[in-house]
Amino acid sequence: MSKNIAIIMSVYKNDKLEYIKDAINSICQQENSNALILIYIDGIIPDKQFEYLNSLHKKHIIELVHSKYNRGLSFALNTLIDKALTYPNIEYIARMDSDDISLPQRLEKQKYFMDTHVEIDILGTACEEFGSSYALIEKRLPSYHLELENFSITRCPFIHPTVMFRRRVFEQGNRYPTHTCFTEDMAFWLELLYKNYKFHNLPDVLLRYRLEENTMTRRAGLSKAKSEVSLRLGYMFLLNKFSFKNMLLIYSRYFFHLLPPKIMSLAYKHLR
């Protein structure tokens, strides 16, 4: 079976070895899929993690791209996208995080949908969250493009590590923005909407998304709040989605990021 899907994943120093193994094994065990696994090592990582990844590289299970310096997720993903495009057989480029688990039918179901819906450029899925007290058993987002276009003004349209892109998205020059603060994936989705790329989400739970108790601590803070609100306000006008309701919802995100992490966790669980 020829490899027509590339998986792109970044690893850095804080990623746990057991999580990395779970993530890679979940891709290797996909049903009816033979994916090219591209991994970017973002800076110096612990010896055990490096030895594991290098052993897979030597066995031709994964391909590695190294950097001595931590360049950040957007830079890592853009580098892997450029690498994936050097393979002429690759039709789709899918995301994966180093601490999540793809369920066995993920790639098969996403590829089938993309093959049969040629108008769709970016496809996400639902997920099961795990690993924290506020994890959701099932997290689903709107499915259809128009719903997602409206939803995106105030919320994120995709669960990032579930996403599969059609090759043409990147062949046409699009890349993750590297100039934004904390909101790289959201900025990317809004830019793609502005350029009229078509979105869709499958309702199927095809990924287990790991949360930890300190995840909300990383999402809190004034810089994160300012960055997200500024980004959303700008695209609200660019996409002709101005309304007082959207203004209110956008500014509610500002206050969400300023909540103490424990309260933020409760809000996350009960307001979704």
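The protein chain has eleven helices and eight strands. The model is predicted. Of its 272 residues, 52% count as buried. Among contacts between residues at least 6 apart in sequence, 81% join residues at least 24 apart. The chain exposes about 13300 Å². Carbon and sulfur atoms supply 54% of that area.

**Helix α3**

- Helix α3 covers residues 73–84, twelve residues in all.
- At 1.5 Å a residue, α3 should span 16 Å.
- The buried residues of α3 are Ser74, Ala76, Leu77, Asn78, Leu80, Ile81 and Ala84.
- These buried residues pack against four strands: β1 (5–11), β2 (36–42), β3 (63–67) and β4 (92–95).
- They also pack against two helices, α6 (167–171) and α7 (184–194).

**Salt bridges**

- The count comes to 14 salt bridges.
- Arg175 forms one of them with Asp82, with the closest N and O atoms 2.8 Å apart. Arg175 lies in the loop between α6 and α7 and Asp82 in helix α3, so this pair ties together parts that are 93 residues apart in sequence.
- Arg175 counts as partly exposed, at 26% relative accessibility.
- Lys139 and Glu129 meet through their side chains in another salt bridge, at 4.0 Å from N to O. Lys139 sits in the loop between β6 (122–130) and α5 (145–151), and Glu129 in strand β6, so the bridge ties together parts ten residues apart in sequence.
- Lys139 counts as buried at 15% relative accessibility. Glu129 is buried too, with a relative accessible area of 4%. Both values are under 20%, which means that each partner meets the cut-off for burial.
- Arg140 and Glu138 also meet in a salt bridge, at 2.2 Å from N to O.
- Arg140 counts as partly exposed at 44% relative accessibility. Glu138 is likewise partly exposed, with a relative accessible area of 46%.

- Leu141 is placed in the loop between β6 and α5.
- Leu141 is buried, because its relative accessible area of 15% is under 20%.
- Leaving aside residues up to four places away in sequence, Leu141 touches Phe151, Cys156, Pro157, Phe158, Ile159 and Asn201.
- Phe158 is 17 residues from Leu141 along the chain. Their C-alpha atoms are separated by 7.2 Å.
- Cys156, one of the residues that Leu141 touches, is partly exposed with a relative accessible area of 25%.

- Leu56 is found in helix α2, residues 47–58.
- Leu56 is buried, with a relative accessible area of 8%.
- Its contacts are Ile24, Ile61 and Ile62, not counting residues up to four places away in sequence.
- Ile24 is 32 residues from Leu56 along the chain. The C-alpha atoms of this pair are separated by 9.8 Å.

**Cysteines**

- A disulfide is a covalent bond between the sulfur atoms of two cysteines.
- The count here comes to zero disulfides.
- Cys127 counts as buried, at 1% relative accessibility.
- Cys156 is partly exposed, because its 25% relative accessible area is not under the 20% cut-off for burial.

**Nonpolar surface patch**

- Phe237, Phe242 and Phe244 form a nonpolar patch on the surface. Together they have about 390 Å² of accessible area.
- Phe242 is placed in the loop between α9 (222–238) and α10 (244–258).
- Phe242 is partly exposed, with a relative accessible area of 42%. Patch residues need over 30% relative accessible area, so Phe242 passes that cut-off.

Terms used
Residues are numbered from 1 along each chain as its sequence is written. This is a predicted model: local features need pLDDT of at least 70, side-chain atom pairs count only at pLDDT 80 or more; totals for chains, interfaces and linings use all residues. Side-chain values use heavy atoms; hydrogens and water are left out. The expected span of a helix is 1.5 Å times one less than its number of residues. Buried means under 20% relative accessible area, exposed over 50%, partly exposed in between (1.4 Å probe, protein chains only). Contact means heavy atoms within 4.5 Å. Patches are made of residues with over 30% relative accessible area and no salt bridge: like charges are joined within 9 Å, nonpolar side chains (Val, Leu, Ile, Met, Phe, Trp, Tyr) within 5 Å. Accessible areas come from the Shrake-Rupley method with a 1.4 Å probe; for residues, only the protein chains shown count as cover. A disulfide is a pair of cysteine sulfur atoms within 2.5 Å.
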